[in-house]
Structures are given as C-alpha cells and as structure tokens.
Amino acid sequence: MELQERKMKILQAIIRNYLETGEPVGSRTISKYTDLNLSSATIRNEMADLEEMGLIVQPHTSAGRIPTDAGYRIYVDDMLREKEREVENMKNVLVEKQDKLENLLKQVAKLLAVNTNYASMISSPVVQRNKIKFIQLSQVDPGHVLAVIVIEGNLVRNTMIAVEEELNAETLLKLNMLLNSNLNGLSIEQINLGLIAAIKQQAGIHSGIISQVIDSAAEAIRADEDLEIYTSGANNIFRYPELADQQKASQIINDFEEKQVLGSIVQESLSDESGTGIQVYIGNEMPTQGMQDCSVVTATYELGEGMKGTVGIIGPKRMDYDKVVGVLKNIMQQLDDLYK
C-alpha cells in the first residue's frame, strides 16, 4: 500500500510516539511531533482516513489512536527500504571514493615522471598494523585453547590450538602474562629467534603453545590488504646511456611490469621508522640484480588513521637527488592537504 507523503509522516509519528510512550496518540501530540505545520483539525481528518484504511485504531471513545498490524507492516517496510537506500548510497560513495583515489594516484605517478624525466611509482595506501597490541589465551574445551591476537589497527585473529591436556586457570594466567609482557608493542621484525627461545624456555612444557601463538601473530601482521602499485615513465629509462643497453633496459622494464621488486621496495619503505619519510637506495642497495645500475628515492605519505603509502622515483645513479627529494616532499604535502 502506497501512502501519500503527508499520511505517511502522520502514521510514522503515531507509531514512533506510541513506541515511546505506550499510550494512544492524539492529534495535538502529532501536531507537535511532525514538521508538517498542520492544524489539529487537518491532522484529525488524516487520522480518520488512516483509521478507515485499517492502519490505526481508536481503542476507546475519546482516546487517541494506536497502530494496527497493517500499520506496523507499512512502517517497517518503509523503514527497511530507507535502510537499503542508505546502505546503497554508502556503497556508492565508497566506490566513488576508491575510484577517485585510484585516478589521483595514477595522475601523481604520471606527473612525477613528466616533471623529473625519470620513472615513477606510487602505491595505494594500506593500513599499517605491524605491532602486537594484546594476546589472550582461553580454554575452550579439554583439548583446545583459543588464542585471540590483537594487532595494531584493531585487527583480530583467532587461532585454535590443540593441547594434550586441559590447562588450569593458573597456567593460562601465567602464559598470558608471559606472552603479553614479552610481545606487546613489538613488530614482527623485533620478535627474533633469541626472544622466542627465551619465552619458550620460560613456558617450559607449554613451549609448543608459544610457538603456535607467535606463528599466528606473524601471519596476522603480514596479512595486509592487496598492494596496488601504479607506475609511469618507464620509457624515460632509455634517456640515459648507462641504462639504455637493451638487456639492462629490458630487465628494468620487466621489473616495472612484474612489480614484485617494487613491492619489496614499498614494504621496506613503509617499515622505516627513522621518521624522515625519505629513503634512498643506490646501486647495490637495490634488491634485484637488474636494477643495480639505478637509484630509487622513496617517500612515505600518510592519509590519516594509519593509512600509509609509498611514492618513488627510479632513475640512473647520477639522478638529481636534490630535485627529486624536493619533488617528493612537495607531493607528500599535497597528498596530505588533499586528504584533509
């Protein structure tokens, strides 16, 4: 049943008021409750129509109205349609936002290549959750312990661990204290073999549980979003004689297309804790043989809420470092301003 807008608003006002008070609702209450700016007489006429339609009923003489089952049905169906519209609108906004960000990053890569005459790359922002916040072990049944691992960014990973015998409350408390006192606030790089061995030694016969918890924590830390990398200006490599050799250029172009090497550069850039945001890789410092005649300068940009990405310039070792660093710092600032 489709209602006119005015009747629908009055029906909604009756139902909402009745849900709040549990009392029959009169026309004077509705006149104060809606934004229709109608007189009590007009509202009474509309309420009479709604009553005739079987959507509200007068429980006894001289009383207000209460909704019928049919009235509730129209109210609920309209509410659900509105919620669906809200969800759809939200999805559209998120898709539009993602498309805009992707186009923006592609434009940034192109702009960098044009302005520097080098090759460029930029990664999509990802949430950095590389440190352990909290670990909780709980006995589920005599043969299983549940490990709840919370990583920065409030990523939660649950892991079921098989145990040979039920652990008592005191043992679980000791293991929880052992794990949290040693691992909280640490990144995966900081959890080295020496630390693991020391924790396992303190855990004694329960060292196997410790191993499984640490493995799960490492997996949770590494399980980040798919990394998108946008590139531009690969052909600029041919501008420089030392890189224009067919074999060298082919290898560099291949690294650009495969993006595995660029991905490792991005990950190293994002894990840098120096605070400068700028890193320079020269020649042999490159992670692949094919790019050891190149230099790469990277910068880490932030979009708030732990969202970080990497922008970089790839060129010959004789690149204009001063200019490149200036351009990257400018881009970092512009991305920050655009986000805000």
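Predicted model: local features only at pLDDT ≥ 70, side-chain atom pairs only at ≥ 80, totals over all residues.
The expected span of a helix is 1.5 Å times one less than its number of residues.

Residues are numbered from 1 along each chain as its sequence is written, and side-chain values use heavy atoms, with hydrogens and water left out.

Confidence comes next. The pLDDT, the predictor's confidence in each residue on a scale from 0 to 100, averages 80 over the chain, and 84% of the residues score at least 70. Helices (H or I, at least four residues) and strands (E, at least two) are DSSP runs, numbered from the N terminus.

Let us return to α5. With 15 residues, α5 reaches 21 Å from its first C-alpha to its last, close to the 21 Å expected at 1.5 Å a residue. The N-terminal end of α5 is capped by N168, a side-chain oxygen of which lies 3.2 Å from the backbone nitrogen of E170. Such a polar contact is a pair of N or O atoms within 3.5 Å; within protein, one must be able to donate a hydrogen and the other to accept it, and residues adjacent in sequence count only if both atoms are side-chain atoms. Just after α5, G185 takes a positive phi of about 85 degrees.

Which residues of α5 are buried? Buried means under 20% relative accessible area, exposed over 50%, and partly exposed in between, with a 1.4 Å probe and protein chains only. The buried residues of α5 include L172, L175, L179 and L183, as well as N176 and N180. By contrast, E170 is exposed at 51%, and K174 is exposed at 53%.

E170 and K174 also form a salt bridge, at 3.5 Å from N to O. A salt bridge here is a side-chain nitrogen of Lys or Arg within 4 Å of a carboxyl oxygen of Asp or Glu. Both residues lie in α5 (residues 169-183), 4 residues apart, about one turn of the helix. An α-helix has 3.6 residues a turn, so residues three or four places apart point the same way.

How many salt bridges are there by this rule? The count comes to 8. Another of them joins E5 and K9, whose closest N and O atoms are 3.7 Å apart. E5 and K9 are 4 residues apart in helix α1 (residues 5-21), about one helical turn. E5 is exposed at 61% relative accessibility, whereas K9 is partly exposed at 28%.

K7 and E46 meet in a salt bridge of 2.8 Å, N to O. K7 lies in helix α1 and E46 in helix α3 (residues 40-52), so the pair ties together parts that are 39 residues apart in sequence. Both K7 and E46 are buried. K7 and E46 also belong to a network of salt bridges with R6 and D49.

Finally, the structure holds 1 aromatic pair. The rings of Y118 and Y240 have their centres 5.6 Å apart and their planes at 35 degrees, so the pair is tilted. By definition, rings of Phe, Tyr and Trp (its six-membered ring) pair if their centres lie within 6.5 Å; planes under 30 degrees apart count as stacked, over 60 as edge-to-face and the rest as tilted. Y118 is buried at 8% relative accessibility, and Y240 is buried at 13%.
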